[in-house]
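Subject: Structure handover

Hello,

Here is the structure I said I would pass on. My notes on it follow below the entry.

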Amino acid sequence: MKNNQTITVSAPGKLLLMGEHAVVYGYPCIGTAIDERIRVAVSRRDDSNFVLDASDVGLRDYRRKMQDIGKGDIPKEALFIEMAVRNVLLRCPQQAGIRVETKAGFSSQLGFGSSSAVTVASVFAVSQLFALPWDKKELFDVAYQTILDVQQKGSGFDAAAAIYGGTIFFAGGDKTTVPLAISAIPLVVGYTGAKADTATVVRSVAEKREKYPEKVDRIFHGIGKLVDEGKARMLDGDWERVGKLMDFNQEYLRDLGVSSEKLEALISAAKRTGAWGAKLSGAGGGDCMIALASEAKRAAVAEAIVGAGGVVINSTTGAPGVRLETTDSQDELFIVVDRNDTIVGYKTRHECHHNPDLVHRTVGALLFNADGQLLLQKRSMTKDMDPGLWGISCAGHVTKGQTDEEAIHRELQEELGVDVPLTFLKKFFVGDTRETERAAVYKGIHDGPFVPNAQEVAEIQFIDVAQLSGKVAKGEIQLTAGAFAALKETGVLP
Ligand code: MEV
(Lines give C-alpha, C1' and ligand atoms only; values in the text may rest on other atoms or scores of the structure.)
Protein backbone atom coordinates (compact mmCIF):
# COMPACT_ATOMS: atom_id res chain seq x y z
CA MET A 1 0.00 0.00 0.00
CA LYS A 2 1.33 3.42 -0.80
CA ASN A 3 1.78 5.80 2.07
CA ASN A 4 -0.24 8.55 0.44
CA GLN A 5 -3.34 6.43 -0.05
CA THR A 6 -6.55 7.95 1.33
CA ILE A 7 -9.50 5.75 2.17
CA THR A 8 -12.82 7.57 2.25
CA VAL A 9 -15.90 5.89 3.67
CA SER A 10 -19.36 6.96 4.75
CA ALA A 11 -21.81 5.56 7.30
CA PRO A 12 -25.50 6.39 7.74
CA GLY A 13 -27.37 7.71 10.74
CA LYS A 14 -30.38 5.81 12.09
CA LEU A 15 -33.89 6.13 13.41
CA LEU A 16 -35.28 3.78 16.00
CA LEU A 17 -38.79 2.68 15.06
CA MET A 18 -39.62 0.59 18.15
CA GLY A 19 -37.89 -0.93 21.15
CA GLU A 20 -35.42 1.71 22.41
CA HIS A 21 -34.10 1.26 25.97
CA ALA A 22 -35.55 -2.26 26.30
CA VAL A 23 -32.95 -3.29 23.70
CA VAL A 24 -30.17 -2.33 26.15
CA TYR A 25 -31.54 -5.09 28.44
CA GLY A 26 -31.64 -7.88 25.89
CA TYR A 27 -34.99 -7.25 24.16
CA PRO A 28 -35.21 -6.71 20.39
CA CYS A 29 -35.72 -3.44 18.55
CA ILE A 30 -36.47 -2.32 15.00
CA GLY A 31 -34.81 0.59 13.30
CA THR A 32 -33.79 1.95 9.94
CA ALA A 33 -30.67 3.58 8.51
CA ILE A 34 -31.28 7.02 7.04
CA ASP A 35 -29.47 8.70 4.22
CA GLU A 36 -27.84 11.32 6.39
CA ARG A 37 -24.22 10.18 6.25
CA ILE A 38 -20.99 10.84 8.06
CA ARG A 39 -17.84 10.70 5.98
CA VAL A 40 -14.44 9.70 7.29
CA ALA A 41 -11.18 9.91 5.31
CA VAL A 42 -8.06 8.21 6.66
CA SER A 43 -4.47 8.08 5.47
CA ARG A 44 -1.11 7.00 6.83
CA ARG A 45 1.40 9.52 8.07
CA ASP A 46 5.16 9.31 7.77
CA ASP A 47 5.58 10.10 11.46
CA SER A 48 4.04 8.27 14.42
CA ASN A 49 1.32 10.79 15.22
CA PHE A 50 -2.44 10.49 15.31
CA VAL A 51 -3.94 13.63 13.76
CA LEU A 52 -7.65 14.37 13.70
CA ASP A 53 -9.53 17.08 11.85
CA ALA A 54 -13.22 17.09 12.72
CA SER A 55 -13.94 20.69 11.86
CA ASP A 56 -17.73 20.29 11.88
CA VAL A 57 -17.52 19.63 15.63
CA GLY A 58 -14.90 22.34 16.09
CA LEU A 59 -11.83 20.13 16.31
CA ARG A 60 -8.87 21.09 14.11
CA ASP A 61 -5.45 19.50 13.96
CA TYR A 62 -5.93 17.56 17.20
CA ARG A 63 -2.79 15.47 17.55
CA ARG A 64 -1.03 13.06 19.85
CA LYS A 65 1.55 10.28 19.68
CA MET A 66 0.17 7.00 18.35
CA GLN A 67 1.37 5.13 21.47
CA ASP A 68 -0.74 7.46 23.65
CA ILE A 69 -4.06 7.16 21.84
CA GLY A 70 -6.98 6.09 23.96
CA LYS A 71 -5.17 7.19 27.15
CA GLY A 72 -5.57 10.17 29.48
CA ASP A 73 -7.92 13.09 28.89
CA ILE A 74 -9.47 13.00 25.45
CA PRO A 75 -11.73 15.85 24.25
CA LYS A 76 -15.25 14.54 23.88
CA GLU A 77 -15.36 15.41 20.16
CA ALA A 78 -12.40 13.06 19.59
CA LEU A 79 -13.42 10.24 21.92
CA PHE A 80 -15.25 7.82 19.63
CA ILE A 81 -12.80 8.27 16.75
CA GLU A 82 -9.68 7.96 18.86
CA MET A 83 -10.95 4.86 20.64
CA ALA A 84 -12.08 3.36 17.32
CA VAL A 85 -8.60 3.84 15.82
CA ARG A 86 -7.01 2.37 18.94
CA ASN A 87 -9.30 -0.65 18.89
CA VAL A 88 -8.55 -1.40 15.22
CA LEU A 89 -4.80 -1.06 15.75
CA LEU A 90 -4.93 -3.40 18.75
CA ARG A 91 -6.06 -6.06 16.28
CA CYS A 92 -3.73 -5.07 13.44
CA PRO A 93 -0.22 -6.49 12.83
CA GLN A 94 0.97 -3.25 11.18
CA GLN A 95 1.31 0.11 12.92
CA ALA A 96 1.63 3.58 11.45
CA GLY A 97 0.85 7.22 12.11
CA ILE A 98 -2.70 8.01 11.02
CA ARG A 99 -4.58 11.07 9.90
CA VAL A 100 -8.38 11.10 10.19
CA GLU A 101 -10.70 13.70 8.76
CA THR A 102 -14.43 13.62 9.40
CA LYS A 103 -17.29 15.46 7.82
CA ALA A 104 -20.85 15.01 9.02
CA GLY A 105 -23.72 15.35 6.58
CA PHE A 106 -26.01 15.86 9.56
CA SER A 107 -25.71 17.59 12.88
CA SER A 108 -24.82 15.51 15.94
CA GLN A 109 -27.62 17.50 17.62
CA LEU A 110 -30.35 15.54 15.88
CA GLY A 111 -30.01 12.23 17.69
CA PHE A 112 -29.53 10.19 14.53
CA GLY A 113 -26.76 8.16 16.13
CA SER A 114 -23.84 10.30 14.98
CA SER A 115 -21.45 8.83 17.58
CA SER A 116 -22.09 5.31 16.37
CA ALA A 117 -21.99 6.33 12.71
CA VAL A 118 -18.60 8.03 13.14
CA THR A 119 -17.34 5.06 15.17
CA VAL A 120 -18.40 2.57 12.50
CA ALA A 121 -16.98 4.75 9.72
CA SER A 122 -13.65 5.11 11.57
CA VAL A 123 -13.36 1.38 12.29
CA PHE A 124 -14.17 0.50 8.70
CA ALA A 125 -11.87 3.14 7.18
CA VAL A 126 -8.84 2.16 9.28
CA SER A 127 -9.48 -1.57 8.73
CA GLN A 128 -9.53 -0.89 4.98
CA LEU A 129 -6.37 1.24 5.20
CA PHE A 130 -4.55 -1.78 6.63
CA ALA A 131 -6.37 -4.22 4.32
CA LEU A 132 -7.83 -6.18 7.27
CA PRO A 133 -10.30 -8.69 5.79
CA TRP A 134 -13.07 -8.09 8.32
CA ASP A 135 -16.66 -9.08 7.68
CA LYS A 136 -19.63 -7.15 9.06
CA LYS A 137 -19.69 -9.17 12.26
CA GLU A 138 -16.04 -8.32 13.01
CA LEU A 139 -16.68 -4.65 12.19
CA PHE A 140 -19.62 -4.73 14.57
CA ASP A 141 -17.59 -6.32 17.38
CA VAL A 142 -14.88 -3.64 17.19
CA ALA A 143 -17.36 -0.76 16.81
CA TYR A 144 -19.51 -2.04 19.67
CA GLN A 145 -16.47 -2.49 21.90
CA THR A 146 -15.53 1.13 21.13
CA ILE A 147 -19.00 2.35 22.11
CA LEU A 148 -18.84 0.41 25.37
CA ASP A 149 -15.33 1.76 26.06
CA VAL A 150 -16.64 5.31 25.73
CA GLN A 151 -20.11 5.17 27.26
CA GLN A 152 -20.08 1.87 29.22
CA LYS A 153 -23.69 0.99 28.38
CA GLY A 154 -25.50 0.60 25.07
CA SER A 155 -27.22 -2.05 23.01
CA GLY A 156 -25.10 -1.81 19.86
CA PHE A 157 -28.18 -1.20 17.70
CA ASP A 158 -26.93 2.17 16.39
CA ALA A 159 -23.68 0.53 15.28
CA ALA A 160 -25.54 -2.37 13.63
CA ALA A 161 -27.75 0.08 11.70
CA ALA A 162 -24.67 2.01 10.50
CA ILE A 163 -22.96 -1.22 9.40
CA TYR A 164 -25.80 -3.18 7.82
CA GLY A 165 -27.99 -0.32 6.60
CA GLY A 166 -31.58 -0.97 5.49
CA THR A 167 -34.32 -1.60 8.01
CA ILE A 168 -33.28 -4.13 10.64
CA PHE A 169 -34.57 -6.21 13.52
CA PHE A 170 -31.81 -6.21 16.12
CA ALA A 171 -31.64 -8.68 19.00
CA GLY A 172 -30.41 -6.92 22.12
CA GLY A 173 -29.38 -10.29 23.61
CA ASP A 174 -27.09 -11.99 21.13
CA LYS A 175 -26.62 -8.83 19.01
CA THR A 176 -27.77 -10.48 15.80
CA THR A 177 -29.12 -8.35 12.97
CA VAL A 178 -31.94 -9.51 10.69
CA PRO A 179 -32.57 -7.37 7.61
CA LEU A 180 -36.28 -6.69 7.03
CA ALA A 181 -37.53 -6.51 3.45
CA ILE A 182 -39.40 -3.24 3.83
CA SER A 183 -39.12 -0.73 1.02
CA ALA A 184 -40.77 2.51 2.07
CA ILE A 185 -41.81 3.51 5.57
CA PRO A 186 -44.59 6.14 5.61
CA LEU A 187 -42.73 8.24 8.14
CA VAL A 188 -42.62 11.87 9.20
CA VAL A 189 -39.65 12.85 11.36
CA GLY A 190 -39.84 15.82 13.72
CA TYR A 191 -36.92 17.32 15.61
CA THR A 192 -37.67 18.95 18.95
CA GLY A 193 -34.73 21.35 18.78
CA ALA A 194 -33.53 20.02 22.13
CA LYS A 195 -30.37 17.94 22.27
CA ALA A 196 -30.39 14.96 24.60
CA ASP A 197 -27.31 13.05 25.69
CA THR A 198 -27.96 9.36 25.01
CA ALA A 199 -25.51 8.12 27.66
CA THR A 200 -27.16 10.31 30.32
CA VAL A 201 -30.67 9.15 29.44
CA VAL A 202 -29.56 5.50 29.33
CA ARG A 203 -27.97 5.97 32.77
CA SER A 204 -31.15 7.49 34.16
CA VAL A 205 -33.09 4.42 32.99
CA ALA A 206 -30.51 2.14 34.63
CA GLU A 207 -30.94 4.06 37.92
CA LYS A 208 -34.70 3.75 37.67
CA ARG A 209 -34.37 0.03 37.09
CA GLU A 210 -32.22 -0.32 40.19
CA LYS A 211 -34.89 1.43 42.26
CA TYR A 212 -37.95 -0.22 40.71
CA PRO A 213 -36.70 -3.43 39.10
CA GLU A 214 -40.08 -5.13 38.73
CA LYS A 215 -41.87 -2.16 37.25
CA VAL A 216 -39.08 -1.37 34.79
CA ASP A 217 -38.65 -4.99 33.74
CA ARG A 218 -42.38 -5.23 33.16
CA ILE A 219 -42.13 -2.22 30.84
CA PHE A 220 -39.21 -3.75 28.95
CA HIS A 221 -41.08 -7.02 28.59
CA GLY A 222 -44.11 -5.17 27.21
CA ILE A 223 -41.96 -3.25 24.74
CA GLY A 224 -40.33 -6.51 23.62
CA LYS A 225 -43.74 -7.99 22.80
CA LEU A 226 -44.73 -4.88 20.84
CA VAL A 227 -41.54 -5.11 18.80
CA ASP A 228 -42.20 -8.74 17.90
CA GLU A 229 -45.68 -7.88 16.67
CA GLY A 230 -44.37 -4.70 15.01
CA LYS A 231 -41.93 -6.75 12.97
CA ALA A 232 -44.69 -8.99 11.61
CA ARG A 233 -47.02 -6.09 10.84
CA MET A 234 -44.27 -4.08 9.11
CA LEU A 235 -43.49 -7.04 6.89
CA ASP A 236 -47.25 -7.27 6.07
CA GLY A 237 -47.26 -3.52 5.28
CA ASP A 238 -50.01 -3.00 7.89
CA TRP A 239 -48.82 0.48 8.85
CA GLU A 240 -52.07 1.40 10.55
CA ARG A 241 -51.53 -1.38 13.09
CA VAL A 242 -47.83 -0.48 13.38
CA GLY A 243 -48.97 3.05 14.25
CA LYS A 244 -51.10 1.67 17.09
CA LEU A 245 -48.16 -0.38 18.35
CA MET A 246 -46.01 2.75 18.28
CA ASP A 247 -48.59 4.54 20.41
CA PHE A 248 -48.42 1.72 22.99
CA ASN A 249 -44.62 1.85 22.81
CA GLN A 250 -44.75 5.59 23.53
CA GLU A 251 -46.90 4.97 26.61
CA TYR A 252 -44.24 2.65 27.98
CA LEU A 253 -41.50 5.18 27.21
CA ARG A 254 -43.48 7.88 29.00
CA ASP A 255 -43.73 5.58 32.03
CA LEU A 256 -39.98 5.09 31.89
CA GLY A 257 -39.63 8.86 32.18
CA VAL A 258 -37.72 9.41 28.94
CA SER A 259 -40.27 11.52 27.09
CA SER A 260 -40.30 15.32 27.35
CA GLU A 261 -42.86 18.10 27.10
CA LYS A 262 -41.64 19.07 23.67
CA LEU A 263 -41.70 15.49 22.42
CA GLU A 264 -45.25 15.10 23.76
CA ALA A 265 -46.32 18.33 22.02
CA LEU A 266 -45.05 17.15 18.63
CA ILE A 267 -46.49 13.66 19.15
CA SER A 268 -49.98 14.97 20.00
CA ALA A 269 -49.88 17.43 17.10
CA ALA A 270 -49.16 14.53 14.75
CA LYS A 271 -51.89 12.39 16.28
CA ARG A 272 -54.46 15.20 16.15
CA THR A 273 -53.92 15.56 12.41
CA GLY A 274 -54.59 11.89 11.77
CA ALA A 275 -51.22 10.11 12.10
CA TRP A 276 -51.67 6.36 12.58
CA GLY A 277 -49.28 6.57 15.52
CA ALA A 278 -46.37 8.56 16.88
CA LYS A 279 -43.57 8.16 19.40
CA LEU A 280 -40.17 9.42 20.37
CA SER A 281 -37.27 7.83 18.51
CA GLY A 282 -33.96 7.02 20.18
CA ALA A 283 -32.99 7.76 23.73
CA GLY A 284 -35.65 10.43 24.32
CA GLY A 285 -35.33 13.44 26.59
CA GLY A 286 -35.33 15.56 23.40
CA ASP A 287 -33.99 14.77 19.91
CA CYS A 288 -36.58 13.37 17.49
CA MET A 289 -40.06 11.95 17.27
CA ILE A 290 -41.54 9.94 14.44
CA ALA A 291 -45.09 9.63 13.14
CA LEU A 292 -46.62 7.15 10.73
CA ALA A 293 -49.22 8.58 8.39
CA SER A 294 -50.99 7.79 5.14
CA GLU A 295 -49.84 9.56 1.99
CA ALA A 296 -52.96 11.75 2.15
CA LYS A 297 -52.27 12.89 5.70
CA ARG A 298 -48.49 13.24 5.64
CA ALA A 299 -48.32 16.91 4.60
CA ALA A 300 -50.86 17.90 7.29
CA VAL A 301 -48.97 15.90 9.93
CA ALA A 302 -45.70 17.59 8.94
CA GLU A 303 -47.36 20.99 9.12
CA ALA A 304 -48.79 20.24 12.56
CA ILE A 305 -45.35 19.19 13.83
CA VAL A 306 -43.93 22.50 12.62
CA GLY A 307 -46.91 24.32 14.17
CA ALA A 308 -46.05 22.71 17.51
CA GLY A 309 -42.52 24.09 17.31
CA GLY A 310 -40.74 21.14 15.70
CA VAL A 311 -38.53 20.93 12.63
CA VAL A 312 -39.49 18.36 10.03
CA ILE A 313 -36.54 16.44 8.65
CA ASN A 314 -36.93 14.82 5.27
CA SER A 315 -34.69 11.83 5.02
CA THR A 316 -34.78 8.58 3.11
CA THR A 317 -35.13 5.43 5.21
CA GLY A 318 -33.48 2.04 4.52
CA ALA A 319 -30.23 3.72 3.44
CA PRO A 320 -27.14 1.63 2.59
CA GLY A 321 -24.77 0.73 5.42
CA VAL A 322 -21.13 1.78 5.77
CA ARG A 323 -19.34 1.84 2.41
CA LEU A 324 -16.26 2.96 0.59
CA GLU A 325 -16.90 6.08 -1.43
CA THR A 326 -16.13 5.68 -5.12
CA THR A 327 -12.87 7.15 -6.39
CA ASP A 328 -13.73 6.89 -10.05
CA SER A 329 -13.90 10.51 -11.11
CA GLN A 330 -16.49 10.67 -13.87
CA ASP A 331 -14.84 13.79 -15.37
CA GLU A 332 -11.46 12.18 -16.09
CA LEU A 333 -10.58 12.57 -19.82
CA PHE A 334 -9.97 9.33 -21.73
CA ILE A 335 -8.26 9.03 -25.13
CA VAL A 336 -10.72 8.23 -27.94
CA VAL A 337 -9.33 6.44 -31.02
CA ASP A 338 -10.43 5.05 -34.39
CA ARG A 339 -10.09 1.40 -35.45
CA ASN A 340 -6.43 2.09 -36.42
CA ASP A 341 -5.72 3.27 -32.86
CA THR A 342 -5.23 6.85 -34.07
CA ILE A 343 -6.31 9.50 -31.60
CA VAL A 344 -9.52 11.26 -32.67
CA GLY A 345 -10.32 13.16 -29.45
CA TYR A 346 -10.85 13.10 -25.72
CA LYS A 347 -14.03 12.28 -23.82
CA THR A 348 -14.90 11.89 -20.15
CA ARG A 349 -15.07 8.54 -18.34
CA HIS A 350 -18.81 8.95 -18.10
CA GLU A 351 -19.24 9.60 -21.85
CA CYS A 352 -16.93 6.71 -22.83
CA HIS A 353 -18.77 4.28 -20.55
CA HIS A 354 -22.16 5.13 -22.01
CA ASN A 355 -21.43 5.16 -25.76
CA PRO A 356 -20.00 2.13 -27.59
CA ASP A 357 -18.99 4.40 -30.51
CA LEU A 358 -16.38 6.11 -28.33
CA VAL A 359 -13.54 3.60 -28.63
CA HIS A 360 -11.12 4.44 -25.82
CA ARG A 361 -7.67 3.20 -24.84
CA THR A 362 -7.26 0.81 -21.92
CA VAL A 363 -4.24 -1.10 -20.66
CA GLY A 364 -3.86 -4.33 -18.72
CA ALA A 365 -1.14 -6.52 -17.23
CA LEU A 366 -0.93 -10.28 -16.69
CA LEU A 367 1.38 -10.93 -13.75
CA PHE A 368 2.68 -14.45 -13.23
CA ASN A 369 4.61 -15.79 -10.25
CA ALA A 370 7.73 -17.96 -10.51
CA ASP A 371 5.46 -21.08 -10.57
CA GLY A 372 3.61 -19.75 -13.61
CA GLN A 373 0.40 -18.99 -11.72
CA LEU A 374 -1.58 -15.95 -12.88
CA LEU A 375 -2.61 -13.18 -10.51
CA LEU A 376 -6.30 -12.22 -10.72
CA GLN A 377 -7.97 -9.35 -8.89
CA LYS A 378 -11.54 -9.02 -7.72
CA ARG A 379 -12.80 -5.50 -8.33
CA SER A 380 -13.96 -3.54 -5.30
CA MET A 381 -17.67 -2.87 -4.77
CA THR A 382 -17.09 0.86 -5.28
CA LYS A 383 -15.99 0.57 -8.90
CA ASP A 384 -18.42 2.25 -11.30
CA MET A 385 -18.14 -0.62 -13.82
CA ASP A 386 -18.41 -4.34 -12.97
CA PRO A 387 -18.04 -4.08 -9.18
CA GLY A 388 -17.27 -7.46 -7.56
CA LEU A 389 -16.25 -9.22 -10.80
CA TRP A 390 -12.79 -10.69 -11.42
CA GLY A 391 -10.32 -8.92 -13.68
CA ILE A 392 -6.80 -9.71 -14.87
CA SER A 393 -3.90 -8.78 -12.56
CA CYS A 394 -4.24 -5.08 -13.19
CA ALA A 395 -6.08 -2.88 -15.69
CA GLY A 396 -7.03 0.72 -16.26
CA HIS A 397 -7.66 3.55 -18.66
CA VAL A 398 -5.21 5.70 -20.56
CA THR A 399 -5.95 9.32 -19.72
CA LYS A 400 -5.25 12.40 -21.82
CA GLY A 401 -1.50 13.01 -22.18
CA GLN A 402 -0.44 9.48 -21.16
CA THR A 403 1.23 6.75 -23.19
CA ASP A 404 0.07 3.15 -22.79
CA GLU A 405 3.29 2.30 -20.91
CA GLU A 406 2.93 5.21 -18.51
CA ALA A 407 -0.68 4.21 -17.85
CA ILE A 408 -0.01 0.56 -17.09
CA HIS A 409 2.92 1.32 -14.75
CA ARG A 410 0.78 3.89 -12.92
CA GLU A 411 -2.03 1.33 -12.60
CA LEU A 412 0.35 -1.29 -11.18
CA GLN A 413 1.43 1.14 -8.50
CA GLU A 414 -2.05 2.43 -7.76
CA GLU A 415 -3.87 -0.89 -7.67
CA LEU A 416 -1.21 -3.32 -6.42
CA GLY A 417 1.47 -1.10 -4.87
CA VAL A 418 4.25 -2.55 -7.08
CA ASP A 419 6.15 -1.70 -10.24
CA VAL A 420 7.32 -4.53 -12.46
CA PRO A 421 9.21 -4.69 -15.79
CA LEU A 422 6.67 -5.52 -18.50
CA THR A 423 6.73 -6.87 -22.05
CA PHE A 424 4.07 -5.95 -24.57
CA LEU A 425 1.82 -8.83 -25.67
CA LYS A 426 -1.04 -7.60 -27.84
CA LYS A 427 -3.54 -4.89 -28.77
CA PHE A 428 -7.17 -5.72 -29.56
CA PHE A 429 -10.69 -4.26 -29.49
CA VAL A 430 -13.36 -5.43 -27.07
CA GLY A 431 -16.81 -4.08 -26.28
CA ASP A 432 -20.35 -4.61 -25.15
CA THR A 433 -23.55 -2.57 -25.35
CA ARG A 434 -22.13 0.04 -22.96
CA GLU A 435 -18.61 0.71 -24.25
CA THR A 436 -15.79 -0.22 -26.63
CA GLU A 437 -12.17 -0.44 -25.57
CA ARG A 438 -8.91 -0.59 -27.45
CA ALA A 439 -6.99 -2.76 -25.02
CA ALA A 440 -3.20 -3.15 -24.84
CA VAL A 441 -2.02 -6.08 -22.73
CA TYR A 442 1.39 -6.58 -21.12
CA LYS A 443 3.04 -9.40 -19.23
CA GLY A 444 5.29 -9.37 -16.14
CA ILE A 445 6.70 -11.70 -13.48
CA HIS A 446 6.27 -10.93 -9.79
CA ASP A 447 5.85 -13.11 -6.70
CA GLY A 448 4.61 -10.33 -4.46
CA PRO A 449 4.15 -9.10 -1.87
CA PHE A 450 1.43 -6.86 -3.24
CA VAL A 451 -0.30 -4.08 -1.37
CA PRO A 452 -3.74 -3.90 -2.97
CA ASN A 453 -5.54 -0.58 -2.88
CA ALA A 454 -8.81 -1.27 -1.06
CA GLN A 455 -10.59 1.48 -2.98
CA GLU A 456 -9.95 -0.44 -6.20
CA VAL A 457 -9.37 -4.07 -5.29
CA ALA A 458 -11.48 -6.35 -3.07
CA GLU A 459 -9.15 -9.36 -3.24
CA ILE A 460 -6.21 -10.82 -5.21
CA GLN A 461 -5.36 -14.46 -5.86
CA PHE A 462 -2.77 -16.46 -7.82
CA ILE A 463 -4.56 -19.11 -9.89
CA ASP A 464 -3.20 -22.18 -11.70
CA VAL A 465 -3.64 -21.37 -15.36
CA ALA A 466 -4.61 -25.00 -16.09
CA GLN A 467 -7.56 -24.71 -13.69
CA LEU A 468 -8.73 -21.31 -14.85
CA SER A 469 -11.06 -22.29 -17.69
CA GLY A 470 -12.77 -24.92 -15.48
CA LYS A 471 -13.37 -22.36 -12.73
CA VAL A 472 -14.70 -19.83 -15.24
CA ALA A 473 -17.00 -22.42 -16.86
CA LYS A 474 -18.39 -23.44 -13.45
CA GLY A 475 -19.00 -19.80 -12.53
CA GLU A 476 -16.59 -20.01 -9.58
CA ILE A 477 -14.74 -17.08 -11.11
CA GLN A 478 -16.92 -14.48 -12.83
CA LEU A 479 -14.73 -12.47 -15.18
CA THR A 480 -15.40 -9.04 -16.62
CA ALA A 481 -15.90 -9.01 -20.39
CA GLY A 482 -12.57 -7.19 -20.75
CA ALA A 483 -10.69 -9.76 -18.66
CA PHE A 484 -12.26 -12.65 -20.56
CA ALA A 485 -11.23 -11.08 -23.89
CA ALA A 486 -7.67 -10.36 -22.66
CA LEU A 487 -7.21 -13.95 -21.51
CA LYS A 488 -8.58 -15.34 -24.79
CA GLU A 489 -6.61 -12.97 -27.00
CA THR A 490 -3.35 -13.83 -25.23
CA GLY A 491 -4.02 -17.57 -25.28
CA VAL A 492 -4.22 -17.95 -21.49
CA LEU A 493 -7.77 -19.23 -21.94
CA PRO A 494 -8.33 -21.66 -24.81
C1 MEV B 1 -30.38 5.02 21.32
O2 MEV B 1 -30.42 5.25 19.93
C3 MEV B 1 -31.20 3.81 21.68
C4 MEV B 1 -31.16 3.36 23.12
O5 MEV B 1 -31.91 2.16 23.18
C6 MEV B 1 -29.75 3.10 23.58
C7 MEV B 1 -29.11 1.88 22.95
O8 MEV B 1 -29.77 1.08 22.29
O9 MEV B 1 -27.88 1.74 23.11
C10 MEV B 1 -31.79 4.37 24.04
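Two strands count as paired if DSSP finds at least two bridges between them. On that basis, A41 has E101 in β5 as its bridge partner. Please keep in mind that this is a predicted model.

Overall layout

The chain has 494 residues, of which 54% are buried. Its C-alpha atoms fill a box of roughly 75 × 55 × 40 Å along the principal axes. There are 13 helices and 21 strands. Three domains divide the chain: domain 1 covers 7–180, domain 2 covers 187–313 and domain 3 covers 329–489. Between the C-alpha centres of domain 1 and domain 3 the distance is 34 Å. If you count contacts between residues at least 6 apart in sequence, 69% of them join residues at least 24 apart.

Pairing around β5

In general, the strands of a sheet pair through backbone hydrogen bonds, in either the parallel or the antiparallel sense.

The four-stranded sheet

An open sheet of four strands runs in the order β9-β10-β8-β11, with antiparallel pairing. Its edges are β9 (277–281) and β11 (311–313), each of which pairs on one side only. Ignoring direction, neighbouring strands in this sheet are turned against each other by 30 degrees on average. Five bridges hold the antiparallel pairing of β9 with strand β10 (residues 288–292). L280 has M289 of β10 as its bridge partner.

Two helices are placed against these strands. Helix α7 (residues 239–256) lies across β9 and β10 and runs at about 45 degrees to β9. Helix α8 (residues 261–272) packs on the sheet and touches β8 (187–191), β9 and β10. The direction of α8 makes about 160 degrees with that of β9.

Helices α5 and α6

Helix α5 (residues 198–211) packs against helix α6 (residues 213–236) at an angle of about 125 degrees, and their axes are 5 Å apart. On the α5 side, V205, K208, R209, E210 and K211 make the contact, and on the α6 side P213, V216, D217 and F220 do. Sorted by class, this contact has four nonpolar and five charged residues, and no polar ones.

A300 is located in helix α9 (residues 295–307). Is A300 buried, exposed or partly exposed? Its relative accessibility is 34%, so A300 counts as partly exposed, because that class lies between the 20% and 50% cut-offs. A300 and A269 are 31 residues apart along the chain, and their C-alpha atoms are separated by 9.9 Å.

Regards

Definitions and conventions:
Residues numbered from 1 in each chain as written. Predicted model: local features only at pLDDT ≥ 70, side-chain atom pairs only at ≥ 80, totals over all residues. Heavy atoms only, no water. Domains from an automatic or database assignment. Axes fitted to C-alpha atoms, helices over the stretch in contact; angles between N-to-C directions. Contact = heavy atoms within 4.5 Å. Nonpolar A, V, L, I, M, F, W, Y, C, P; charged D, E, K, R; others polar. Buried < 20%, exposed > 50% of the residue type's maximum accessible area, 1.4 Å probe, protein only.
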